[in-house]
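The following paragraphs lead the reader through a protein model, from the whole chain to individual residues. Please keep the sequence and the three-dimensional view at hand while reading.

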Amino acid sequence: MDRITIRGGNRLSGRLQISGAKNAALTLLPCALLTEEKLTLTNLPRLADVDGFGHLLNELGVSTTVRRGQGDLIGREMTMSAKAIASTVAPYDIVRKMRASILVLGPLLARSGEATVSLPGGCAIGNRPIDLHLKALEALGAQIELTAGYVRATAPSGGLRGGRINFPVVSVGATENALMAAVLAQGETVMENVAREPEIVDLSRCLVAMGAEIEGIGTDRLVVRGKTSLHGAEYEVMPDRIEAGSYACAAAMTGGDLFLAGARIEDMEAILAGLREAGVTVESQTDGIRVAADRRPSSLTLSTAPFPAFPTDMQAQFMAMLALAEGTSVLTETIFENRYMHVPELARMGADIQVHGRTAVVKGVEGLVGADVMATDLRASMSLVLAGLAAEGETRVHRVYHLDRGYERLEEKLSAVGADIERESDS
Ligand code: UD1
């Protein structure tokens, strides 16, 4: 297995291109199931999860063609064609490796009248149920059965029909599944208390480009007028706000100066506000954001919550930054109950962090020291890379496959701006 080795202490500076957003890609890919025509996605990040999703689509009978991206964008383009759906089953072997596979449930059901998807099960950042996905599909007339680890959804004869969905908890995935089903349901669907994350806006815009009728995009209430069919389209995946936020932390922690090419300020306001409050310089420039720091960050009090508030996917990276801040910070995680797996690993590098339930108290220290570390999820792994970039000596981050799920060409991008980082093989 590979590991990432970092010799810390280098100041990062220069231009770093932000890739297409993983979480947007993972909800745009299943849109291919909604039409007989071709859907082309551009600016797709080169990530293990995107490849995995491509394989899942192949399994369902979707043909995929991948090309190199054009122009400045470093990602890929994928054209998908779901002329006919060959299978409506998303098998255990694929779903267990990639939770986002659950996002084929809504579109398969809407297009084929049935879908069988392995239950994703728990995962490292807590017990992640799918009850809200299922309730939303039931509100559109689906019958749901749970058997032998699979969820089987069936549409009434004549197909799904519009309905009212009021989400008791804001859920990104459930909003996505419901929206992808509602665009092909008969009549109007009103969805209240939906997630407003920029990735949902991206999904809505792609669906509109495919002929869907959606009102209220970007708000917490969506009204969808269902169509009998959607058509093909070409759509560019939005830039990854979490990747950009992670590299912004790298600049802040190394006294660096990075231009995050392609990052969009409007997607990242809570993240950028947090950085500014920590004393980091953040400037909006044409086609990107400049982030620079010339002193230790200051401490912060932050709480994660659905967009537009501070994202849970940035909590671990901010914790790494605040581990080096002047003063004591307080972070509260309100989305996932078990998302502090990085704390003991950061502590092994010299961080002073106490967790009390959902709250972490981070007493800033003057320096971290390199160590062998590993994490059990993607963003936690990134927090260890960040700590390694700022630490004295060598840090080896193990279980690199987590990073490969979400950060395109991590070592290459960081080396190009001055980091001493390389990938090595454990064997
Ligand atoms: C998505 C993101 C993930 C991010 C998360 C929150 C993707 C592929 N993943 O995950 O990176 O951290 O949003 O911004 O886009 N919940 C239920 N029942 C459900 C669904 C969710 O109780 O049926 C709860 C979850 O346990 C959690 C909260 O709702 O406490 C929010 O989760 P949700 O927004 O659904 O996260 P994901 O879509 O899984």
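The secondary structure of the protein chain consists of 14 helices and 24 strands. The model that shows them is a predicted one.

The overall dimensions come next. Along the principal axes, the C-alpha atoms of the protein chain occupy a box of roughly 65 × 45 × 45 Å. The radius of gyration of the protein chain is 21 Å, and this agrees with a compact globule, because a globule of 427 residues would have a value near 22 Å. Of the 427 residues in the protein chain, 56% are buried. Among contacts in the protein chain with a separation of 6 or more, 74% are made by residues 24 or more positions apart.

The surface and the charges may be considered together. The protein chain exposes about 16200 Å², and 47% of this area is supplied by carbon and sulfur atoms. Its side chains include 42 positive and 53 negative ones, and the centres of these two sets lie 2 Å apart.

How many disulfides does the structure hold? The number is zero. Cys206 illustrates the point: the nearest cysteine sulfur belongs to Cys31 and is 4.7 Å away. A disulfide requires the two sulfur atoms to be within 2.5 Å, and Cys206 is therefore in no disulfide.

His402 is located in helix H13, which covers residues 401–406. Is His402 buried or exposed? Its relative accessible area is 9%, so His402 counts as buried. When neighbours within four places in sequence are left aside, the contacts of His402 are Ala375, Thr376, Asp377, Leu378 and Ser381.

Ile265, by comparison, lies in the loop that links strand E15 (257–261) to helix H9 (269–277). Ile265 is partly exposed, because its relative accessible area is 23%, whereas buried would mean under 20% and exposed over 50%. Which residues does Ile265 touch, not counting those up to four places away in sequence? They are Leu272, Ser284 and Ile289. The C-alpha atom of Ile265 is also separated by 7.8 Å from that of Gly288, a residue 23 residues apart from Ile265 along the chain.

Methods. Residues are numbered from 1 along each chain as its sequence is written. This is a predicted model: local features need pLDDT of at least 70, side-chain atom pairs count only at pLDDT 80 or more; totals for chains, interfaces and linings use all residues. Side-chain values use heavy atoms; hydrogens and water are left out. Helices (H or I, at least four residues) and strands (E, at least two) are DSSP runs, numbered from the N terminus. The radius of gyration is taken over C-alpha atoms; the globule rule is 2.2 Å times the number of residues to the power 0.38. Buried means under 20% relative accessible area, exposed over 50%, partly exposed in between (1.4 Å probe, protein chains only). Contact means heavy atoms within 4.5 Å. Accessible areas come from the Shrake-Rupley method with a 1.4 Å probe; for residues, only the protein chains shown count as cover. Lys and Arg count as positive and Asp and Glu as negative; His and the chain ends are not counted. The place of a charge is taken as NZ of Lys, CZ of Arg, CG of Asp or CD of Glu.
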